[in-house]
Amino acid sequence: MDKDFAARRRRDLIIAAVLAAIAALTPLFVKDVVVQNILILTLMYAGLSQSWNILSGYCGQISLGHALYFGLGAYTTELLFTKFGVLPWFGMLAGGAVSALIAMGLGYPFFRLRGHYFVIATIVIAEIGLLLFHNWEWAGAAMGITIPIRGDSWLKFQFLRTKLPYFYFALALCCLAWFVTWWLENSKWGFWWRAVKDNPEAAESLGVDVFNSKMGAAAVSAFLVAVGGSFYAQFVSYIDPESVMGFQFSLLMALPAVLGGIGTLWGPVLGAAILIPLTELTRFKFGGSGRGVDLIVYGTLIVLISLALPRGLLSLFSRPKKTGAAR
Amino acid sequence: MGLLYGLIAVGLALIFGLMDVTNFAHGEFLMIAMYLSFFLFAFFAIDPLLSAPLVAAALFVFGAVIYLLLVRFAMRAKANAGMVQIFTTFGLAIVMRGLAQYFFTPDYRSIPQSWLGGKTISIAGIFLPEPQLVGALVSILAFVGLYFFIHRTDFGRAIEATREDPGAVALVGIDKNRVFAFGWGLGAALVGLAGAIMAVFFYIYPDVGASFALIAYVTVALGGFGSVFGAFAGGIIVGLVEAVTALVLPPSLKSVGIYAVYLLVVFIRPRGLFGSI
Amino acid sequence: MTALLETRGVWQRFGGLVANSDVSISVGRGEIVGLIGPNGAGKSTLFNLIAGVLPPTQGSIIFDGEDVTNLPAAARCQRGVGRTFQVVKSFETMTVIDNVIVGALVRNTVMREARRKAHEVLEFTGLAARADVLASDLVPAEKRRLEVARALATEPKLLLLDEVLTGLTPTEAQTGVALVRKVRDAGITVLMVEHVMEIVMPLVDRAIVLDLGKVLVEGKPADVVRDPKVIKAYLGDRHAVGA
């Protein structure tokens, strides 16, 4: 049985490597900027959703306020860059660290909340963050921060003429998030998280430190999401409170996971691969006065998936053994 | 204003307390109510205040229908039950917003000429806006009515019973689905009432639900899930906090006070003030 | 030899209700001790106090020579206290083996070791054939065994069993009894709360009877069963505690 398990683990890794390789080659075939854009966003959201999944899927603490970390990453990086000239590469790490610390700091008082109370608290906290930044003069308040771009530079991670570096970074981020999940899934932390999600009381009786488990999940999740935020900031070159801390990001991080399969390794990636291009395309085609259409499609999809496949699309592919006949 | 928040919240609390389901589309119910009021006014020249009962009734039907068509299935989910409810109603909210945008366009609408609009009364030297005042009055009446309904009538008790033990009530001849559908209808009607009144002094647009929705959830959570009275009390507190915050902080930060109070309350009492869940 | 577990003058009050009053018991190494008593006697409360779910209002709990009164459940598990739950609390979305691995992780932080240990425990408890089955798909008797398996994976010195034999068919109960004996033979001390007298009495070395929150009698099962106080407690007319 152990051999099966090890084999499955290796198989996942190989599939990931193959997919990553294929993805890495796509820019050679795809030159259309719009499509490249969609791909970059898809990869980014896949990475973000995968990171969200760590706290909310594996550990079961549903957060709809992750936009906070996204925005913190973006703002930390850009503030350090525009005010102190710190290169975005370092800024990203700083943003990640700040987010992780804040996630843990918030966890301390709020991890005691259960269910709906917790979700609402996360939403509320993100909103507070948004409002605070909205009124913070030094950080640009409502005007936001515009990143000055003077030509291509790897050092400053900004590119005018081509989107390729952004693409590869997004791919790297997605791979990183996936890999971290893969690694943690079969680690003490992964098991602890799932135990905490299923039954915290039982977990405690088995020696699991419930509180620290949640903290760990929150920190990792926040760190990765913040890096994503930093990336996004460099990608769009302009940030303001609504555009990086808005509720829509919290949603967009959660939805792919729910669609694909929350708490699973491939769920968020699958979900993002379907949801993001769909969203972008419908917005592209029906943009303008009939704008509601993309929302209608979007919303209906969510409703259908939630009702028909509560475990996400991935549950279509896995058939858990019901009657366990021994091998 | 707080009382109006209370009204919206009570509708939400009812649904939640009843079935342990949080209706994330509640804001959108409000939006529909407001639009309905608007159109009744625009096409039939019925003053919103008069059409309020009509709107409430329409929302009642709507709420019940949504339950029967959608929510009922969402509640059957065995895996990830909480998530399913959240996302089903959330998806619904998004669809409703999309439909509103499609059919009504994103333009802002308002009801300029109403029996109440824009008038103020002076009570003990303080000028109070009439619409809000009437709204508050209606809220109180609705709440009192609801209270009596739940605690004194048979049907009200059936709702309580179904909440306690949905499986057992079937043995006593209570049809769980009918009770739930009614609950949803009632919750929707309450928010419909709020919407009709608010249509008088708020702009109406597809996303209007969203801004009030969050306040409604915070209100219910503040008062504690499962407690109708809590929702009402929460509403009052929220209204007060909002007013005070507006005096002290710049207007765009007005909601921060409410949020901060929520976090504080929930930190001290993880189940809200009167919560039973 | 010092006792493995001692409670000294433990009181537990919930508001005005006294669930346990001045309970002082001890469990020696290698014993199987039964904790019995009529409904409402305070067995579950005492159980939870020993397991560390909540601290006692008064009194102290000594485990393996250490005062653990203020240690929470997870810490006590690390010290060697394992427990099962009366209402089975399996990790429903995880497979049987994964459930057990969670327990094994307390002492085996390297995954491969934890996995190996989990397999061992599954063999020991007879669940090896169901290793890859989702916990939610098990039949109740198997779920009970999973509870025990999980707790065993934490390599406890003391295993607290909460009504593991209640509500089983006679065959299942016999399997259960055999398992408990096997656990003791492996060197683990057992304290079990039980209702089903006919099954428990032949199994335990010593029985402690609680009634109305106090220790009524303790001693060899044969003696306890014949004690008039015990008979009165079970058969006599009793009204609810605190009425």
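These legends describe close-up views of a predicted model. Residues are numbered from 1 along each chain as its sequence is written, and chains are lettered from A and ligands numbered from 1 in the order in which they are written. Since this is a predicted model, local features need pLDDT of at least 70 and side-chain atom pairs count only at pLDDT 80 or more, while totals for chains, interfaces and linings use all residues.

**View 1. The six-stranded sheet of chain C.** An open sheet with mixed pairing runs in the order β6-β7-β8-β3-β9-β10. Strands here are DSSP runs of E of at least two residues, helices are runs of H or I of at least four, and both are numbered from the N terminus; two strands pair if DSSP finds at least two bridges between them. Contact means that the C-beta atoms of two residues, placed from the backbone, lie within 7 Å. Axes are lines fitted to C-alpha atoms, for helices over the stretch in contact, and angles between N-to-C directions run from 0 to 180 degrees.

**View 2. Strand β9(C) and its partners.** In strand β9(C), 5 of the 6 residues are buried, so the strand is largely enclosed by the rest of the structure. A residue is buried if 20 or more other C-beta atoms lie within 10 Å of its own, exposed if 12 or fewer, and partly exposed in between, with C-beta atoms placed from the backbone. β9(C) pairs with β3(C) in the parallel sense over 4 bridges, and C:V33 has C:R206 as its bridge partner in β9(C). Strand β9 (residues 206-211) of chain C runs antiparallel to β10(C), joined by 5 bridges. In β10(C), C:V215 is the bridge partner of C:L210 and C:E218 that of C:I208. The hairpin of β9(C) and β10(C) has 2 residues between the strands, and C:L212 takes a positive phi near 55° there. Helix α9 (residues 228-235) of chain C lies across β9 and β10 of chain C, at about 130° to β10(C).

**View 3. The four-stranded sheet of chain C.** This open sheet has antiparallel pairing and the strand order β2-β1-β4-β5. β2 (17-27) and β5 (66-67) of chain C each have a single partner strand, so one side of each is left without a neighbour in the sheet. Strand β4 (residues 58-63) of chain C pairs with β5(C) in the antiparallel sense over 2 bridges, and C:F63 stands opposite C:E66 in β5(C). Packed on the sheet is helix α1 (residues 43-51) of chain C, which touches β1 (5-14), β2 and β4 of chain C and makes about 120° with the direction of β1(C).

**View 4. The crossing of α3(C) and α4(C).** Helix α3 (residues 96-104) and helix α4 (residues 111-125) of chain C pack at an angle of about 115°, with their axes 8 Å apart. In α3(C), C:I97, C:V100, C:I101 and C:A104 meet C:A114, C:R115, C:K117, C:A118, C:V121 and C:L122 in α4(C). The residues of this contact divide into 8 nonpolar, no polar and 2 charged. Nonpolar covers Ala, Val, Leu, Ile, Met, Phe, Trp, Tyr, Cys and Pro, charged covers Asp, Glu, Lys and Arg, and polar covers the others, Gly among them.

**View 5. The two domains of chain C.** Chain C is divided into domain 1 (1-80 + 156-243) and domain 2 (88-155), with bounds that come from an automatic or database domain assignment. The domain centres, taken over C-alpha atoms, are separated by 24 Å. Each domain of chain C gives 9 residues to the contact. On the side of domain 1 that touches domain 2, α2 and α6 of chain C are the elements that give two or more residues; α6(C) gives the most, with 3 residues. That side has 7 nonpolar, 1 polar and 1 charged residues.

**View 6. Residue A:S306 in chain A.** A:S306 is found in helix α13 (residues 292-308) of chain A. A:S306 counts as buried because it has 27 C-beta neighbours inside 10 Å. A:V258 is 48 residues from A:S306 in sequence and 7.8 Å away in space, C-alpha to C-alpha.
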